[in-house]
Amino acid sequence: MSNESLANLLKEERRFAPPADLAANANVTAEAYEQAAADRLGFWAEQARRLSWAKEPTKTLDWSNPPFAKWFEDGQLNVAYNCVDRHVEAGNGDRVAIHFEGEPGDSRSITYAELKDEVSRAANALLELGVRKGDRVAIYMPMIPETAIAMLASARIGAAHSVVFGGFSADALATRIKDADAKVVITADGGYRRGQPSALKPAVDDAVAKAAGTVEHVLVVRRTGQDVAFDAERDVWWDELVGRQSAEHTPEAFDAEHPLFILYTSGTTGKPKGILHTSGGYLTQTAYTHWAVFDLKPETDVYWCTADVGWVTGHSYIVYGPLANGATQVMYEGTPDTPHQGRFWEIVEKYRVSILYTAPTAIRTFMKWGDDIPAQFDLTSLRVLGSVGEPINPEAWVWYRKNIGADRTPVVDTWWQTETGAMMISPLPGVTETKPGSAQRPLPGISATVVDDEANEVPDGGGGYLVLTEPWPSMLRTIWGDDQRFLDTYWSRFEGKYFAGDGAKKDDDGDIWLLGRVDDVMLVSGHNISTTEVESALVSHPAVAEAAVVGAADDTTGQAIVAFVILRGSAAEDEKLVAELRDHVGATLGPIAKPKRVLPVAELPKTRSGKIMRRLLRDVAENRQLGDVTTLTDSTVMTLIQSKLPSSSSED
Ligand code: WT7
């Protein structure tokens, strides 16, 4: 992206100061930024002391062989002990760790003392199955407490887990089992999704056959009671094996750099990358950020992250960060519209949730369903709202604050990635005057900036690429089995800096705005235009709930802007509205950003983690054969969109 980019045309003037009561009692004050800037490593060494170490580290960072980092190298700890046992030892065994809410309406609350017993039993069960320190365990599960227990049990015995999202196919699971050479797979007889029991075990059977020879045992949790094929030699029921184990297990301390987990990210090309995270640095940064960014008060808060444990958000902000902090949290198995569109708000009301962490795609869906739905529930317990996963359009941000947060709660837009392991750029709720749509500033101890093509830092008001300029404790250590790909993907674009793959700009105050993946930036008549900004301009029109924008090849302008929009409940889809939307973008961002076509659609193609697949929309806009649709949540969406194309376009 060049500096002539339109990055600054979307002006956002709204500002929200932290609520006075929150600011007065906030975990973190503005001094944290200064303290960390004055002594970054000292700051992280201090944060590491929030963990319980079997052997305290004396070294903070070894960066002698960049980009291969070692954090707290001579320290030793057990991650599961930190997430479970130490809270029991501190007298908090009766505190609820997880309020589980099943989709069919069943619920169960698990205290830290109960969690300690369950994790210990599961750890003993894995040992009985032959799993040892240094092995890998694949986890392919629905959103139930046993998923977290399985992860903690693996961590407890020093085996790295590789969680594979339960919506992935048998092929995807097989590739990941093979790449990580997993010895055991932990799965379930199914889970509940949109009122139906879904199957998982058939995909495991298929995947284990495809990954011939690697998997020795499959451990199966009973969740739905469905009949499943059972291999008497290989398969074991969780309730039988785990149920008969002792609840005593003495955790062993492992090196800070001992592998904790591998999590695969798909990316647009090539085989999935196994992102490797290790123990001490990862747990330090997830615990610190969960405490700082959500202003967590473990004695009184009820925290809820709506992500699936299959994604990094679930790893860092359902399992490791919250449990390391001794938080009480809600875990929900199902979808937001089962059995009705108020399900999330009913859960907030039921458990008096005080901190909610969700994704822009969910927020825009709630906008589309209408303000009257959350209005029917008591949401007064909420005090901090978080967003993650994609740039949040300013209008969606304001809707979230107003309709969910009663115009009172801070919204923290947290930027990070599977690779960064933990939050990197985010407001602090008791400190930052927030701006809708901007993640704003790197957190204390984090160094991020925006550079141009030549790696020069852009001035305030400029646009370019987001880079991380100093190592951070929860950084990925490599790509599993492929150091060269680690170097090529992240460290070769800009010398000595981590390239995140995201476009970004700095506003006049120096605050950072994320503009989406650089692959998605459009080039129109020689101008770089970010898809995110055109989408935000569209969503700022009252008739639009959600928008996806792509650049389609165009003979005159190089690329032309094509917008796909989902209208809000009551808006009528006609040519007048399409013209109005084009003009609205022109008026907001300038004539160059006016979409050539605006196409109202019923749904947008999304990955299973909720990101819009612009690549497929580009195929449609350019009348091409669709590319790979296997990671789509719902492949019929594309047929619907294609059928819309000829009639509803509008051209100058
Ligand atoms: C990519 C990473 C972070 C956990 C979930 C996604 C985008 C993430 C934001 C945000 C703008 C964001 C970026 C990033 N992204 N959070 N707050 N604002 N963009 O993890 O699947 O590894 O995806 O998600 O493009 O690079 P992931």
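1. UniProt lists residues 533-611 as "domain: AMP-binding enzyme C-terminal", from an unreviewed entry. UniProt positions follow the numbering used here, feature names are shortened, and annotations may be inferred rather than shown by experiment. Over residues 533-611 the chain is 28% helix and 32% strand, with the end C-alpha atoms 16 Å apart. Helices (H or I, at least four residues) and strands (E, at least two) are DSSP runs, numbered from the N terminus.

2. Before going further: this is a predicted model, where local features need pLDDT of at least 70 and side-chain atom pairs count only at pLDDT 80 or more, while totals for chains, interfaces and linings use all residues. Residues are numbered from 1 along each chain as its sequence is written, and side-chain values use heavy atoms, with hydrogens and water left out.

3. The other UniProt annotation to have in view is "domain: Acetyl-coenzyme A synthetase N-terminal", again from an unreviewed entry, covering residues 30-83. That stretch is 41% helix and 11% strand, and its end C-alpha atoms are 28 Å apart.

4. How much area do domain 1 and domain 2 bury between them? About 1,500 Å², 54% of it on carbon and sulfur atoms; buried area here is the accessible area (1.4 Å probe) that two parts lose on being put together, summed over both. In residue terms, 16 residues of domain 1 are in contact (heavy atoms within 4.5 Å) with 20 residues of domain 2.

5. On the domain 1 side, helix 13 (360-369) and helix 15 (394-404) each supply at least two residues that touch domain 2. Helix 13 gives the largest share, four residues.

6. Have a look at H541 too, in the loop between helix 17 (531-539) and strand 28 (544-554). H541 has a relative accessible area of 8%, so it counts as buried (under 20%; exposed is over 50%, partly exposed in between; 1.4 Å probe, protein chains only). Its side chain makes a 2.8 Å polar contact with that of E580. Leaving aside neighbours within four places in sequence, H541 is in contact with L577, E580, L581 and H584.

Definitions and conventions:
A polar contact is a pair of N or O atoms within 3.5 Å; within protein, one must be able to donate a hydrogen and the other to accept it, and residues adjacent in sequence count only if both atoms are side-chain atoms.
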